[in-house]
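Subject: Structure handover and findings

Dear colleague,

Please find below the structure that I am passing on to you.

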Amino acid sequence: MLKEFRDFITRGNVMDLAVAVIIGGAFTTIVKSFTTNIIGPIIALVVGKVDLSGIVLTIGDTTFKIGQFLDDIINFIIIAFVIFMLLKGITSLRNATSKSSEKDEEESLDVALTPTEEYLKDIRNLLAERDSDLPREASKKIEEKIAKED
């Protein structure tokens, strides 16, 4: 049981998650400071309050911390925007990498094709142009099958 636990903890995904949680905690602190020290005063110029966390609504004995809630919403929006930009950057980088590797694969496959293979490749390309939803994996499988038959 101890060995299984050690294997679980040292697995790559768990370690990545642990690092992400630690970095996320540090990033949250930075965003909180940014909101409190920069965004808060800018909003205070417009609203007229110096500290958003000081905005409270009291009804009877109950106090609603509206300013703190606004601070938390601003923090969330900033964090969500940064995550969105990171994911967008990673996706575009991944797409650029996969496109270049697909071109390299196609160039390496163009070495010496028989007329039948050229004809099949042309058919595949025409189908891919006509129906852009044709998975590239299917075309790769066709090419692999042709290569095995030779």
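The notes that follow go from the whole chain to individual residues.

The model is predicted, so local features need a pLDDT of at least 70 and side-chain atom pairs count only at pLDDT 80 or more, while totals for chains, interfaces and linings use all residues. Residues are numbered from 1 along each chain as its sequence is written, and side-chain values use heavy atoms, with hydrogens and water left out.

Confidence and overall build

The average pLDDT (the predictor's confidence in each residue, from 0 to 100) of the protein chain is 78, and 81% of the residues score at least 70. The chain has five helices and two strands, in the order α-α-β-β-α-α-α along the sequence. Helices (H or I, at least four residues) and strands (E, at least two) are DSSP runs, numbered from the N terminus. Among these elements, strand β2 (residues 62-64) has the highest mean pLDDT, 92, and helix α5 (residues 136-149) has the lowest, 70.

Of the 150 residues, 11% count as buried; buried means under 20% relative accessible area, exposed over 50%, and partly exposed in between (1.4 Å probe, protein chains only). The accessible surface comes to about 12300 Å², and carbon and sulfur atoms account for 66% of that surface. These areas come from the Shrake-Rupley method with a 1.4 Å probe; for residues, only the protein chains shown count as cover. Among contacts (heavy atoms within 4.5 Å) between residues at least 6 apart in sequence, 44% join residues at least 24 apart.

The annotated regions and Asn-75

An unreviewed UniProt entry carries the annotation "transmembrane region" for residues 12-32 and 72-90. UniProt positions are given in the numbering used here, feature names are shortened, and annotations may be inferred rather than shown by experiment. Over residues 72-90 the chain is 100% helix and 0% strand, with the end C-alpha atoms 27 Å apart.

Asn-75 belongs to helix α3 (residues 66-109). Asn-75 counts as buried because its relative accessible area is 9%. Leaving aside residues up to four places away in sequence, Asn-75 touches Val-31, Lys-32 and Thr-35.

The nonpolar surface patch

A nonpolar patch on the surface is formed by Leu-57, Ile-59, Phe-64, Ile-66, Phe-69, Leu-70, Ile-73, Phe-76 and Ile-77, with about 850 Å² of accessible area together. Patches are made of residues with over 30% relative accessible area and no salt bridge: like charges are joined within 9 Å, and nonpolar side chains (Val, Leu, Ile, Met, Phe, Trp, Tyr) within 5 Å. A salt bridge is a side-chain nitrogen of Lys or Arg within 4 Å of a carboxyl oxygen of Asp or Glu.

Strand β1 (57-59) and helix α3 each supply at least two residues of the patch, and the largest share, six residues, comes from α3. Ile-59 lies in β1 and is exposed, at 52% relative accessible area. In α3, Phe-69 is exposed at 51%, whereas Leu-70 is partly exposed at 35%. Leu-70 and Ile-55, 15 residues apart in sequence, are 9.3 Å apart from C-alpha to C-alpha.

Yours sincerely
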